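Morning, everyone. Please bring up the model on your screens.

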Amino acid sequence: MIRKQIALDAEFVELIYVGEEYHRNHSQLIHKHDDVLELFYIMNGSGQYTAAGRTYPVRRGSLVICNAGVMHGESPYWHNTMISYCCVLRRLMVPGLPKNTLTAPTSSPVCFFIDDRETVESILRALHQQQVTQDSPQVVSCLLANALLNLIYARLCRYADDTDVIRSEEFLQCIIAWLDNHYREPMTLEELGTRFHISPSYLSHIFKTETGFSPMKYLLYRRVGESQRLLMNSDLPVSQISDQLGFNDNSHFCRTFKKYVGLTPSAYRHHFRGTHP
């Protein structure tokens, strides 16, 4: 585990920008790179991302550290609405870790930025602008990429010895895993708190601090995301999809779906399947 902060220096390879439409239609499935480190940041939207055998919910502010040799990629079964940047680096050496590796295997590969979010995003925008315009020497892009790298490393160092943070992250992943397996079932925040032997208010606090949204909002996003998949890939009636996903009634489902997607369930199905009402 990282404990002492030093100044890091790596060679900048490239910055990859991926828009929402491409993420939605062309998920980058599980893969690995043996000779580079990738810093995958969610600039907007949300989705699911797998790294080192575990799947994490990600949204704006989430950064996934994809070390060399580690399998990573998007979940093909989730309606990803992400806009992302991926900063690719090589020739990174961190004491005590393999080449092109920023975190130990036992550490979580996901960071969530709140206080430093604007700084992270400003660096990424500037780096993207350098690549698009190509009006500055490569050394400028390298300096920006290393500024990002050291900002992330500083955050890792701050929390490396905080066992409360580590326990909180592990506990959070247990909650998320349970929600992913039981999202179809009706539940309340109080019931969730009872199940995990924690006060509902504190559960909501730690969940929102790490993910950016409440457990109930995550549950809602999970249900709406699954309904999008069913509308696109099945012939189930809208009312049956509503029942399967634990909505109180079909009208509630349709209102909720339109609120978050911008279309009614029927219009969404017609749009993506090329049929007419």
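Definitions first: two strands pair if DSSP finds at least two bridges between them. Helices (H or I, at least four residues) and strands (E, at least two) are DSSP runs, numbered from the N terminus. This is a predicted model: local features need pLDDT of at least 70, side-chain atom pairs count only at pLDDT 80 or more, and totals for chains, interfaces and linings use all residues. Residues are numbered from 1 along each chain as its sequence is written, and side-chain values use heavy atoms, with hydrogens and water left out.

Now the sheet. Strand E3, residues 46–51, runs antiparallel to E6, and three bridges join them. Thr50 has Gly73 of E6 as its bridge partner. The open sheet has three strands, in the order E4-E3-E6, with antiparallel pairing. E4 (54–59) and E6 (72–74) are the edges; each has a single partner strand, so one side of each lacks a neighbour in the sheet.

Next, the helices. How do H7 and H9 cross? The axes of H7 (215–233) and H9 (250–261) come within 11 Å and cross at roughly 95 degrees. Axes here are lines fitted to C-alpha atoms, for helices over the stretch in contact, with angles from 0 to 180 degrees between N-to-C directions. So H7 is roughly perpendicular to H9, a label covering 65 to 115 degrees. Contact means heavy atoms within 4.5 Å. Among the contact residues are Leu220 and Tyr221 of H7 and Phe253 and Phe257 of H9.

Last, Gly212. Gly212 sits in the loop between H6 (200–211) and H7. Its C-alpha is 7.7 Å from that of Arg59, 153 residues away along the chain.

Definitions and conventions
Angles under 35 degrees count as roughly parallel, over 145 as roughly antiparallel, 65 to 115 as roughly perpendicular and the rest as oblique.
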